[in-house]
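Thanks for joining; I would like to walk through one model today, starting with its confidence and then turning to some side-chain details. Please have the sequence and the structure open while I talk.

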Amino acid sequence: MSSSPPVAVPTPVRVASIVGFLVVTELASGITQGWISPLLPSFIERYGLTSADANWITASALLSTVVCVPLLSKLGDVYGHKRLLVLAASLVALGSVIVALAPSFALLLVGRVLQGAITAFLPLEFAIVRERAGERAGRAIGLLVGALTIGASLGLLLAGVARQFLGLTATLWIPAVMMIVVVPLLARLVPETTVRKPGGIDWPGAVLLAVGLVLFLGAVGNGSRWGWGDARTLVGILGGLALLAVWVRVENRTTHPLVPLDVLRRGGQGLPLLTAFVFGAHLFGSSAPTAVFLGTDPAATGFGLGLTGAALGGALLVLGASMFLATTIAARLTQRVGETAVLVTGTLISAASYLLTALLHFDVALVLLWQAGLGFGGGLVAATLPTIVVERAPRDSVGILSGLYNTARTAAGAVAGAVFAAVMSALVMTGSNGKVVAAESAYVAVWCICAGLAIVVAALAIGVRRGARAARAAQVEVAAEVPA
């Protein structure tokens, strides 16, 4: 039974100001998340790293994410989503300052781990807008997703530009200052949610889920480098899966579990989360190979577009901009034609864009056109899927279910990234400069696989609508159990 004190109905102006500030927060979040990748060469130079060492700059934040998102989201359901949003922003601000000033590589990784809390922003914000925006929650969710997307693209572009004129420390202070400013504004301008999930935190479940995911994703992420038959890879994958199996067993026997598995089974949430996993696999998994292709020198390999610096950042911004456009109109389209039509349309546009990229990738203008199509299709899905999850979630479990949505996409991107890295390592060639690089066929294979995954998302999306009946029935059943 959830605790639901009376809430004053917010005025439209107040709702608009709350959503507007959260959109600005997500824009800053996206910029911060996109800021690090262009600076990896500078980190390698500063700390004298190898490429394998530099991989941990990204991996540490990813592994932190799979721990932080479910835990902070659940804590939000129990203690208040605004309170945990302020805590998450404080951790990110502290982590960003450490990253900017770190005198050693070890301390840099500590900062990156703290920055991993940034991916908990979105599920906590979803819970806030679900309560405050009411029927307009879907449009607010689309704006939040769009702001994150365009922010990440801007971060990739602006970090590279800033580094051309500033030292590494000064460049890293830019996102740090943004996060420092965000913290007190969140505390002052965003209202707290009122619905609480009783029962506290299932700490055994939280530890099992976190350790299982870290082991599994850590091993998968390093599989190409360690070798898929290496003992570390096998122990990590098998050990992680074993712990996740134990976690499911523990959750089924716990009175107040970390994740309400009955809601996944009977509440129509399982299929949307599976759809989110496959969606994340193609959208996030394809980003690194595509970026590498855009930057590959055709004079040395016979393919690629040879974009560098600001030109490469601008090309990557095309996807983010078109994705943002789609997220702003997704809610209106859903009202007119239904969520299934929007999901299927978005995924089919993405599939067509991947196939066209695989067939016609010899001209910058064409590739950017296909990237725009991928961004638009992905934006329709990215705005609609979380709205489905949020609207179907019990009022006292919005945070954790939104967190699972984010975790599913992140985990899928990590797994797909490892698979695509293996594909690109298997299909190689020697360029005219004597370097061994991924062959053109490797990129074509990745884009074709992503097209297939997008079609799978379309098929799953048809089933998502059918799960709505189960979700409504489960919500009615839960409501009937709550005394008047």
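The protein averages a pLDDT of 86, and 93% of the residues score at least 70, where pLDDT is the predictor's confidence in each residue, from 0 to 100. Because this is a predicted model, local features need pLDDT of at least 70 and side-chain atom pairs count only at pLDDT 80 or more, while totals for chains, interfaces and linings use all residues. Residues are numbered from 1 along each chain as its sequence is written, and side-chain values use heavy atoms, with hydrogens and water left out.

Confidence is highest in helix H4 (residues 81–101), at a mean of 96, and lowest in helix H20 (residues 468–481), at 48; helices here are DSSP runs of H or I, at least four residues, numbered from the N terminus. Over residues 1–9 pLDDT stays under 50, and the model has 17 contacts for them beyond four places in sequence, a contact being heavy atoms within 4.5 Å. For residues 474–484, where pLDDT also stays under 50, there are eight such contacts.

Let me turn to the rings. The structure holds six aromatic pairs, meaning rings of Phe, Tyr and Trp (its six-membered ring) with centres within 6.5 Å, called stacked if the planes are under 30 degrees apart, edge-to-face if over 60, and tilted for the rest. One of them joins Tyr 47 and Phe 105, a tilted pair at 6.3 Å centre to centre with 50 degrees between the planes. This pair links distant parts of the chain, with Tyr 47 in helix H2 (residues 40–47) and Phe 105 in helix H5 (residues 105–115), 58 residues apart. Both Tyr 47 and Phe 105 are buried, where buried means under 20% relative accessible area, exposed over 50% and partly exposed in between, with a 1.4 Å probe and protein chains only.

Tyr 443 and Trp 447 form another tilted pair, at 6.2 Å and 35 degrees, and both lie in helix H19 (residues 440–466), four residues apart, about one turn of the helix. Together with Phe 293 and Phe 303, they form one aromatic cluster.

Finally, what does the side chain of Asp 77 join through a polar contact? Asp 77, in helix H3 (residues 51–79), has a polar contact of 2.7 Å with the side chain of His 81, the term covering N or O atoms within 3.5 Å, one able to donate a hydrogen and the other to accept it within protein, with sequence-adjacent residues counting only if both atoms are side-chain atoms.

How values were computed
Helices (H or I, at least four residues) and strands (E, at least two) are DSSP runs, numbered from the N terminus.
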